[in-house]
Amino acid sequence: MTVRHDGLAVEWLGYATIRLAGEETVVYFDPGRYGVLTGEWEPDEAGLNHPPGRDYRPEDGDVICVSHVHHYDPDGIERVASEDATVVAFEGIDGQDRERGLAPITELPYELRTVDATTSLSVDGVSVWSTPAHNEPDGPHTRPDGTPYHPEGFGCGFLVDVEGTRAFWPGDTDVLPGHRSVDVSLFCPPIGQRFTMDRHEAAGLAATIEPNLVMPVHYNTFSTLATDSRAFAADVAAAGVPVVLDEQ
């Protein structure tokens with residue numbers, strides 16, 4: 001479904017793929033992966049799925065933000081990008097894309113702007129800020145040996161200003177100290193437990209930063225991302241923060 005918020009049409013297309021559309025500008029976060037744009041995403045035994053239900057190829061994106069190599073999908077980018085799109089990508093993707101057998105991001109037919117975890121830039125009238133995104137060593141979202149799934153320097157989050165409305169996708173990350181001072185209208189946290197902040201941590205962060213709307217993403221794609229989104233929504237609403245679930 002499409003969520004209308006503060007002049008934007010917002011859609012969660014599955015996994016970490018988010019579409020933000022203003023009157024003149026369209027921004028995507030992390031398009032593709034796991035069949036979310038190809039109609040090939042099938043529910044597992046637990047019924048976990050959130051596919052668009054169609055072959056999704058709008059080719060309307062002006063700015064395409066890619067947070068880290070796990071979310072890099074060259075086919076997904078080509079499906080959503082307009083001919084003159086700009087891809088804003090975390091600098092560490094270049095090189096890791098080849099290691100994962102993916103087409104090099106530097107060879108895509110779009111302008112490429114790379115960022116680290118603390119970059120600010122303007123792209124086609126969209127202000128973009130990258131933010132730190134990682135799991136803390138020996139924290140709750142690590143492998144059995146204590147090493148993080150997403151170590152510091154592996155990726156970033158993105159805060160964008162689209163036609164006067166700020167939207168924040170923090171990426172695959174724990175709740176970090178800098179997140180608690182973000183000033184944002186739309187907050188799209190990951191809540192899928194194992195690899196990122198879980199629903200409890202994300203709800204606590206939402207209560208702290210008090211955005212105008214919270215729309216969770218990056219959950220129920222597969223069993224290791226399973227979570228109770230309605231319980232998350234109830235916790236956020238109990239803190240007095242508006243929340244919506246974009247679920248089919």
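## A helix pair

Asp94 is partly exposed, at 41% relative accessible area (buried means under 20%, exposed over 50%, partly exposed in between, with a 1.4 Å probe and protein chains only). The model is predicted: local features need pLDDT of at least 70, side-chain atom pairs count only at pLDDT 80 or more, and totals for chains, interfaces and linings use all residues. Residues are numbered from 1 along each chain as its sequence is written, and side-chain values use heavy atoms, with hydrogens and water left out.

Asp94 pairs with Arg98 in a salt bridge, with 2.8 Å between the closest N and O atoms (a side-chain nitrogen of Lys or Arg within 4 Å of a carboxyl oxygen of Asp or Glu). Both sit in helix H2, residues 93-99. They are four residues apart, which means a separation of about one helical turn. Arg98 is partly exposed too, at 42%. Helices (H or I, at least four residues) and strands (E, at least two) are DSSP runs, numbered from the N terminus.

## Overall fold

The chain carries four helices and 13 strands. Its radius of gyration is 17 Å, close to the 18 Å that the globule rule gives for 248 residues, so the chain is as compact as a globular protein of that length. The radius is taken over C-alpha atoms, and the rule is 2.2 Å times the number of residues to the power 0.38.

Along the principal axes, the C-alpha atoms fill a box of roughly 45 × 45 × 40 Å. Of the 248 residues, 58% count as buried.

## Salt bridges across the sequence

Side chains of opposite charge can pair when their charged atoms come close. The salt-bridge count here is nine. One of them joins Asp60 and Arg19, at 2.7 Å from N to O. This pair links distant parts of the chain, 41 residues apart. Asp60 lies in the loop between strand S4 (26-29) and strand S5 (61-66), while Arg19 is in strand S3 (residues 17-21). Arg19 is buried, at 14% relative accessibility.

Strand S3 also holds Ala21, which is buried at 10%. Ala21 and Gly61 are 40 residues apart in sequence, yet their C-alpha atoms lie 8.8 Å apart.

Arg230 and Glu247 form another salt bridge, at 3.2 Å from N to O. Arg230 is in helix H4 (residues 229-238) and Glu247 is in the segment after H4, so the pair ties together parts 17 residues apart in sequence. Arg230 is exposed at 58%. Glu247 is partly exposed at 24%. Elsewhere, shared partners join the salt bridges of Glu11, Arg19 and Asp60 into one network.

## Negative surface patch

Glu83, Asp84, Glu111 and Asp124 gather in a patch of negative charge on the surface. Patch residues have over 30% relative accessible area and no salt bridge; like charges are joined within 9 Å, and nonpolar side chains (Val, Leu, Ile, Met, Phe, Trp, Tyr) within 5 Å. Areas come from the Shrake-Rupley method with a 1.4 Å probe.

Glu83 belongs to strand S6 (residues 81-90) and is exposed at 81%. Asp124 is in the loop between strand S8 (120-123) and strand S9 (126-133). Asp124 is partly exposed at 49%.

## Positive phi

Most residues other than glycine have a negative phi. Asp124 has a positive phi near 50° and is not a glycine. Glu210 is not a glycine either, and its phi is positive, about 50°. Glu210 lies in the loop between helix H3 (199-209) and strand S13 (213-214). At 56%, Glu210 counts as exposed.

Methods
Lys and Arg count as positive and Asp and Glu as negative; His and the chain ends are not counted. The place of a charge is taken as NZ of Lys, CZ of Arg, CG of Asp or CD of Glu.
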